[in-house]
Protein chains: 2
Amino acid sequence: MSSTARDTVQQLATRQVILEAAYEEIHAHGFQGASLSKILSSTNVTKGALYHYFPTKLELGYAVVDEILSEHIQQMWIHPLLEAEDPITAFKKIIMQAGNEITEDDIQCGCPLNNLAQEMAPKDEGFRSRVEAVYRAWRKGIEKAFLKGQENGFVSKDVNVVSVATMIVASLEGCMGLAKNAQSKKVLTQCGRSIVDYLESLRA
Amino acid sequence: MSSTARDTVQQLATRQVILEAAYEEIHAHGFQGASLSKILSSTNVTKGALYHYFPTKLELGYAVVDEILSEHIQQMWIHPLLEAEDPITAFKKIIMQAGNEITEDDIQCGCPLNNLAQEMAPKDEGFRSRVEAVYRAWRKGIEKAFLKGQENGFVSKDVNVVSVATMIVASLEGCMGLAKNAQSKKVLTQCGRSIVDYLESLRA
DNA sequence: TGACATTCATACCGGTTGGTAGGTATAACA
DNA sequence: TGTTATACCTACCAACCGGTATGAATGTCA
């Protein structure tokens, strides 16, 4: 029994190593530009192992969205928002924290979710629907938090929470996109401040 | 002389045919995903002709940014804004016009400028700086229009035109990006309405 | 008319890609 | 202990990629 458990750990470990190396490579070069050979040479995993766990490159990409990106958005952007009483203050905190933690390299690579959306949405329905699921969860989380904020008297009852949620996600992704192309943290924080101003304009 | 003129026309025509086919292919598949063979087979131009006018694939891509995308942003988004007295009303008009003219196919392919920015900025400085030049011109145009709007009493003097210009471009591109992934004109118009609301909040 | 440059057209090249075939080492189980 | 399944590993493949070498029309001009 203990040996079975150990094997399972090892098994998952190899899979996880592949998955995380794939995430890095895709983040850096896009899905089409990502090379399986480079993913393998960045680890000490062989092609046989990769194709043992993932039937195709496409399925590997899907797994990155489902198991890494989805989790990342959930923990970074959704969970802390849902725990707060006042969504506007909470969002400001999240944005500022994200702004502090982000490195120049991260800025250069951009938001991995947005990268995949822009590259793959028109080319592959499997990618599109998976990315869309993550975006939907994100928007729904914001909607829920702002509805609660309206009930608690923190958010103006005039605002349409559905439109606002879309606008927030759009401006965050747009902001990251501009900063990525400008390769400038200054653009990111400047744009982030405008988003914060926008959030403040939604107060009750 | 007349034959010289004709030749020049022909010469430019071949170059232009290549350029526009390249624009379509890049718009549909990204720069890395764009295949020179497909660009050629979508026209009746041969590889010899292509490499006569463009030394590398990269230079062909640069020319698409410099000669097609730049012009498109200028005519569609900058020029009409600079002609108006009231930039907010003008911007609303431009957004609504863009919303009316855009097709489902356009939505699916997304903003070609943003596509290239997200794909190529971290990989090639030549692309990045060219795309950045277009974005800078766009933002500068918005800044200029809003400054004029402040002088004319249409725009609140409280707003920081630099931040606002960045925020507008970011939310427009983010909005297009979300709609592209959702493959939904509804998302686009919904998000567009939020941007219009934001613009209205900047009035004097 | 002959020399030269432009504008292509065709055939080919080395390198890389995602993917596969076939074998092996190890562990689980009867 | 023999059987079977899992978890790899190595070597290889056809397809496609961007790019090039060579040459043929065609036009330009002295």
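Colleague: How many helices and strands are there in chain A?

Modeller: Helices (H or I, at least four residues) and strands (E, at least two) are DSSP runs, numbered from the N terminus. Chain A has 10 helices and zero strands. This is a predicted model, where local features need pLDDT of at least 70 and side-chain atom pairs count only at pLDDT 80 or more, while totals for chains, interfaces and linings use all residues. Residues are numbered from 1 along each chain as its sequence is written, and chains are lettered from A and ligands numbered from 1 in the order in which they are written.

Colleague: What part of chain A do buried residues make up?

Modeller: A residue is buried if 20 or more other C-beta atoms, placed from the backbone, lie within 10 Å of its own. In chain A, 40% of the 204 residues are buried.

Colleague: Which residues come nearest to DNA strand C?

Modeller: A residue is near a strand if its C-beta atom, placed from the backbone, lies within 6 Å of it. There are 21 residues around DNA strand C, and A:Ser35, A:Leu36, A:Lys57, B:Gly48 and B:Ala49 come nearest. Elements giving two or more residues to this surface include α2 (36–41) of chain A and α3 (47–53) of chain B. The largest share, four residues, comes from α3(B).

Colleague: How many residues does the contact take from chain A and from chain B?

Modeller: Two residues are in contact if their C-beta atoms, placed from the backbone, lie within 7 Å. The contact takes 40 residues from chain A and 40 residues from chain B. On the side of chain A that touches chain B, α9(A) supplies the largest share, 16 residues.

Key. Buried ≥ 20, exposed ≤ 12 C-beta atoms within 10 Å, placed from the backbone.
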